[in-house]
Amino acid sequence: MTMTQSRPHDHGLAYAEEDLGEVDPGPFTQRAEPDEAGVLVSGTCPRCHGRTKTLFRWGVPGTGGKGLLDRLRGGPSSGAAATAPDPLSDEVHFCECGHAHPQCPPDTSYRGCGASWRISR
């Protein structure tokens, strides 16, 4: 398997709540949603390798800050805004591949393999 090939989604991987720590930001993208609802982060789950995406809504506690939206729009780059850390790198991301993995409890908040991670800076 070359660096450009991705691993297939492991649908048979049993659900397990597993904190994967910090992961490489390379497979993830983020973009402001056109309706300005928030920022959509998408990529590949580092555990089950399924496509995952999460919408971080603006104004909801624990979903970053307004500074990122300004930067995504190419807004002002004052010294404070230009050096502010990316608020999404401080968020915990969860696998939301949309697949009910085996042994997934019926009351889970996310439909995925149970993995969580942070995107490294």
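Trainee: How many helices and strands does the chain have?

Mentor: Helices (H or I, at least four residues) and strands (E, at least two) are DSSP runs, numbered from the N terminus. Along the sequence the pattern reads β-β-β-β-α-α-β-β. That gives two helices and six strands.

Trainee: What kind of model is this, and how are its residues numbered?

Mentor: Happy to explain: this is a predicted model, where local features need pLDDT of at least 70, side-chain atom pairs count only at pLDDT 80 or more, and totals for chains, interfaces and linings use all residues. Side-chain values use heavy atoms, with hydrogens and water left out, and residues are numbered from 1 along each chain as its sequence is written.

Trainee: What share of the residues in the chain is buried?

Mentor: Buried means under 20% relative accessible area, exposed over 50%, and partly exposed in between (1.4 Å probe, protein chains only). The chain has 121 residues, and the buried share of them is 32%.

Trainee: In what order do the three strands of the open sheet stand?

Mentor: Two strands pair if DSSP finds at least two bridges between them. Strand 1 (18-23) and strand 5 are the edge strands, each pairing on one side only. The pairing in this open sheet is mixed, and the order is 1-6-5.

Trainee: Do strand 1 and strand 6 run parallel or antiparallel?

Mentor: Strands of a sheet pair through backbone hydrogen bonds, either parallel or antiparallel. In strand 6, S116 is the bridge partner of D19, and A115 is that of E18. Four bridges join strand 1 to strand 6, and the two run parallel.

Trainee: And which residue of strand 6 stands opposite F94?

Mentor: Here we turn to the other side of the sheet. Strand 5 is joined to strand 6 by two bridges, and these strands run antiparallel. The residue of strand 6 opposite F94 is S116.

Trainee: Why is strand 6 described as largely enclosed by the rest of the structure?

Mentor: Burial is the thing to look at. Strand 6 is largely enclosed because, of its five residues, the number that are buried is four.

Trainee: Which residues form the aromatic pair?

Mentor: Rings of Phe, Tyr and Trp (its six-membered ring) pair if their centres lie within 6.5 Å; planes under 30 degrees apart count as stacked, over 60 as edge-to-face and the rest as tilted. The structure holds one such pair. It is tilted, with 6.0 Å centre to centre and 40 degrees between the planes, and is formed by F28 and W117.

Trainee: How many residues apart in sequence are the parts that this pair ties together?

Mentor: Both F28 and W117 are buried. F28 lies in the loop between strand 1 and strand 2 (29-32) and W117 in strand 6, so the pair ties together parts whose separation in sequence is 89 residues.

Trainee: Which residues have the most contacts inside the largest nonpolar core?

Mentor: A nonpolar core is a set of buried Ala, Val, Leu, Ile, Met, Phe, Trp, Tyr and Cys residues joined through side-chain atoms within 4.5 Å. Strand 3 and strand 6 are the elements that give two or more residues to this core, and strand 6 provides the largest share, three residues. The core has 14 residues, and those with the most contacts inside it are C45, C95 and W117.

Trainee: Which strands each supply at least two residues of the lining of the largest cavity?

Mentor: On a 1 Å grid over the protein atoms alone, a cavity is a set of points where a 1.4 Å probe fits but cannot get out, and lining residues have an atom within 4 Å of a point. Among the lining residues are F28, H93, F94, W117 and I119. The strands that each supply at least two are strand 3 (38-44), strand 4 (51-57), strand 5 (93-94) and strand 6 (115-119).

Trainee: What is the volume of the largest cavity?

Mentor: Grid points are joined across faces, edges and corners, and a volume is the space filled by probe spheres set on the points. The structure holds one cavity of 30 Å³ or more. The volume of the largest cavity is about 50 Å³.

Trainee: Is H49 buried or exposed?

Mentor: H49 is found in the loop between strand 3 and strand 4. This residue has a positive phi of about 70 degrees although it is not a glycine. With a relative accessible area of 17%, H49 is buried.

Technical notes:
1 Å grid on protein atoms, 1.4 Å probe; cavity = no way out; pocket = protein on both sides within 12 Å on 5 of 7 lines; lining within 4 Å.
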